[in-house]
Amino acid sequence: FKGGDTCEYLLSSGRFLGEKVWQPHSCMMHKYKNSEAKNCLLDRRVAFIGDSRIRQLFYSFIKLLNPQVKEEGNKHGNILFEDKSASIRVDFLWYPEVNGSMRQRIKSWTEDSVAKPHIIVAGAATWSIKIHNGSNEALTQYKINISSIAPLLEKLAKSSDVYWVLQDPVYEGLLSESRKMITNEKIDAYNEAAVRILNSSSRNSKAKVKVFSVSKLIAQETIMKSADGLHLPESSRDTNAMILMNVYCNKIMKPIDGSCCQPQPPLTLIQKLAFCFFTLSIIGSLIISLIHRNNYRKNKSCTDLESGEERKPAVSTPHVSTLEMLLHSFCKLGLIMTYFYLCDRANLFMKENKFYTHSSFFIPIVYILVLGVFYTENTKETKVLNREQTDEWKGWMQLVILIYHISGASTFLPVYMHIRVLVAAYLFQTGYGHFSYFWLKGDFGVYRVCQVLFRLNFLVVVLCIVMDRPYQFYYFVPLVTVWFMIIYATLAIWPQVVQKKANGNCLWHFGLLLKLLCLLTCICFLSYSQGVFEKIFSFWPLSKCFELNGNVYEWWFRWKLDRYVVFHGMLFAFIYLALQKRQMISEGKGDPLFSSRVSNILLFISVVSFLTYSVWASSCKNKTECNELHPSVSVVQILAFILIRNIPGYIRSVYSSFFAWFGKISLELFICQYHIWLAADTKGILVLIPGYPMFNVLVSTFIFVCVAHEISQITNDLAQIVVPKDNSTLLKRLLCIAGFFSGLLLFSAVQDQSRH
């Protein structure tokens with residue numbers, strides 16, 4: 001389903017999400033702050049011309065520029081608003097009827113280019129109905145007058161944005177006696193006349209007066225809340241003003257979450273090169289497939305005409321070469337990236353704003369938890385945080401995070417704080433997993449480092465190229481990448497302390513603890529030295545990776561938010577492995593982790609700690625204050641969960657294969673959601689099937705999960721080719737990768753220069 005002209009949809013159609021949130025058909029509205037509105041309307045002049053309803057719209061519009069404005073002054077006269085700091089002027093001109101006076105004012109603008117407004121919002125009819133007691137002669141005169149004005153509006157529309165506001169319906173039961181003649185039937189007749197005349201006037205002209213008809217739809221839902229039956233309630237007027245702001249400003253400001261009226265961004269040089277590369281890969285893969293097919297046909301078994309028996313040719317199945325695997329992987333990846341681009345960069349599919357309700361978040365959560373319980377199986381091993389258990393943990397956390405994102409639950413602070421713990425738990429696993437590997441294996445080779453870095457970053461690098469987004473935009477991958485390098489550096493720097501060495505001399509344990517203490521000191525120093533942190537990551541080429549919107553503040557915020565949890569993961573791994581080595585814990589199938597008494601005490605403390613954190617998070621009133629405490633206290637709920645999950649032997653011995661399956665592709669799910677499940681870079685929701693929200697979610701989710709799974713397989717296949725075990729071959733590949741990124745930086749610099 002093609003999105004079509006989103007400006008047309010924004011001005012003419014939509015629906016309410018809940019009571020106050022307006023959702024235009026097929027696109028997303030941005031909620032403009034006064035600073036953004038001022039930047040958009042810098043050195044602009046806006047004119048509202050019409051009756052009392054237009055005056056209401058005028059006040060709602062200028063309140064977007066200055067919320068302190070009060071509705072006072074002569075109600076039946078002209079009103080001027082001026083913001084000298086931004087050179088913005090907004091006029092309301094009192095012309096309650098479409099007549100010669102209004103025509104003369106509009107004509108004066110066509111003759112004076114200096115005084116001509118950049119935006120003109122006009123509309124009137126109810127006064128004509130009221131003064132002439134709803135007579136047919138008045139409607140006939142209205143048609144004549146608007147016919148004389150239409151060519152002038154078309155002339156203005158060639159260089160200005162001109163909007164004709166259709167008349168909203170009235171709530172006849174609330175109208176005063178002097179307004180009883182204003183009926184919805186009469187209003188419909190006036191609107192029909194205005195639309196027909198304006199459309200016929202612009203039919204043969206490139207310029208077009210935009211008919212603002214969406215106000216009618218909004219009024220139909222809210223006019224019953226009107227104080228007098230004629231004028232809209234304030235919330236509806238504010239919605240209309242925000243729609244006007246989106247129509248004019250989205251193409252100028254280009255907000256991420258304002259897809260209405262935004263043109264498709266032009267392809268960058270890097271995107272064009274990526275398109276050529278993937279096209280060649282697809283062609284190459286098809287050619288190789290055709291060659292194999294022909295060879296198969298030549299060598300396939302044939303029937304012996306005399307005996308009637310089949311003869312099998314003595315041809316073995318050819319080994320798949322590295323080139324074939326590369327082309328096949330890039331062919332699949334190219335098709336997938338095309339889908340990514342069509343979903344979130346081309347104006348092909350519709351996008352909608354998120355709207356949070358408690359049911360939209362909690363019902364799916366209950367549903368997937370029940371599903372997960374049904375897929376319970378026995379684990380292969382019963383160690384604490386064994387592979388199946390960590391995959392299960394990642395899986396259910398990722399599903400909860402996905403539901404959190406699509407439901408827009410970040411607006412509900414208790415849910416936000418619990419999701420912050422889930423993100424921290426991912427990083428805790430990063431510290432735990434990598435520390436355990438280096439401590440037990442003692443493998444600090446380049447191959448291991450390159451494998452991890454490739455698997456973490458491959459998809460994000462491709463998306464940065466195809467979707468024209470900075471690396472820091474996919475913040476979680478830079479976060480886990482940097483923390484992996486910090487863990488590696490901490491343990492690899494002399495003296496290298498591993499379990500094998502520490503078993504010979506207990507003093508090495510103190511050496512490792514000293515290293516961890518130094519790491520904690522560095523973390524504390526950087527967390528309280530924002531200037532130093534920003535200087536480190538502002539050096540080129542690091543700045544190209546960690547800058548977002550021209551600075552590294554977002555990277556600082558993300559790093560600081562979970563600054564201690566990786567250290568906590570490393571420390572937990574050290575303590576657990578030390579206890580395991582000294583056989584101080586029991587990890588047999590069905591056995592509690594400690595003695596019955598100790599296990600019961602720890603379980604009680606864990607449950608109380610878990611619930612205490614939840615109560616604290618649920619009582620949060622201020623996101624900033626809670627974020628300040630989060631780095632220090634998030635580990636409480638993480639450790640409580642680990643102990644609850646692992647102390648009882650029967651719980652430790654089972655896992656959910658349903659959650660574990662999702663856990664194996666959790667990184668791909670987290671990254672892919674940005675563009676093919678959500679939309680507008682996570683700000684909205686992708687709509688593949690409009691009009692059927694539940695069916696749309698089912699279809700888009702199925703495609704999204706399949707794509708994430710396929711990308712996981714492609715990444716694993718390419719990792720074997722790009723990062724070989726042979727050191728000399730690996731060195732050559734690393735030089736090629738360095739050359740690739742150097743070229744990418746060069747093209748990026750060229751792009752930036754051309755944009756400026």
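Modeller: One definition to begin with: an axis is a line fitted to C-alpha atoms, for a helix over the stretch in contact, and an angle runs from 0 to 180 degrees between N-to-C directions. Keep in mind that this is a predicted model. Helix 11 (residues 322-344) and helix 27 (residues 666-676) pack at an angle of about 45°, and their axes are 8 Å apart.

Colleague: Which residues make the contact of helix 11 with helix 27?

Modeller: Helix 11 contributes Tyr 339, Phe 340, Cys 343 and Asp 344. From helix 27 come Cys 672, Tyr 674, His 675 and Ile 676. By class, that contact has six nonpolar residues, one polar and one charged.

Colleague: What is the relation of helix 11 to helix 15 called, and why?

Modeller: Helix 11 and helix 15 (residues 446-466) pack at an angle of about 55°, with axes 11 Å apart. That angle makes helix 11 oblique to helix 15. The crossing of the two helices is right-handed.

Colleague: Which residues of helix 11 and helix 15 meet?

Modeller: Leu 333, Met 337, Phe 340 and Tyr 341 in helix 11 meet Phe 458, Leu 459, Val 462, Leu 463 and Val 466 in helix 15. The contact of helix 11 with helix 15 divides into nine nonpolar residues, no polar and no charged.

Colleague: What makes a space in the structure a cavity?

Modeller: A 1.4 Å probe fits there but cannot get out. A search of the whole structure finds five cavities of 30 Å³ or more. The largest cavity holds about 130 Å³ of space. It is lined by 14 residues, and the closest to its centre are Arg 53, Leu 57, Val 165, Asp 168 and Ser 215.

Colleague: Which helix supplies the largest share of that lining?

Modeller: Helix 3 does, with four residues. Helix 3 (52-65) and helix 9 (234-253) each supply at least two residues of the lining. By class, the lining has six nonpolar, four polar and four charged residues.

Colleague: Where are the cis peptide bonds that join Trp 494 to Pro 495 and Trp 540 to Pro 541?

Modeller: Pro 495 has its place in the loop between helix 16 (476-492) and helix 17 (499-504), and omega for the bond from Trp 494 is about -5°. Pro 541 is in the loop between helix 19 (530-536) and helix 20 (542-546), and omega for the bond from Trp 540 is about 5°.

Colleague: Why remark on bonds and angles of this sort?

Modeller: Most peptide bonds are trans, and most residues other than glycine have a negative phi. Ser 87 is not a glycine, yet has a positive phi of about 55°. Ser 87 lies in the loop between strand 4 (79-83) and strand 5 (88-94).

Methods:
Residues numbered from 1 in each chain as written. Predicted model: local features only at pLDDT ≥ 70, side-chain atom pairs only at ≥ 80, totals over all residues. Heavy atoms only, no water. 1 Å grid on protein atoms, 1.4 Å probe; cavity = no way out; pocket = protein on both sides within 12 Å on 5 of 7 lines; lining within 4 Å. Points joined across faces, edges and corners; volume = space filled by probe spheres on them. Nonpolar A, V, L, I, M, F, W, Y, C, P; charged D, E, K, R; others polar. Contact = heavy atoms within 4.5 Å. Parallel < 35°, antiparallel > 145°, perpendicular 65-115°, else oblique. Left-handed = near helix turned anticlockwise from the far one by under 90°.
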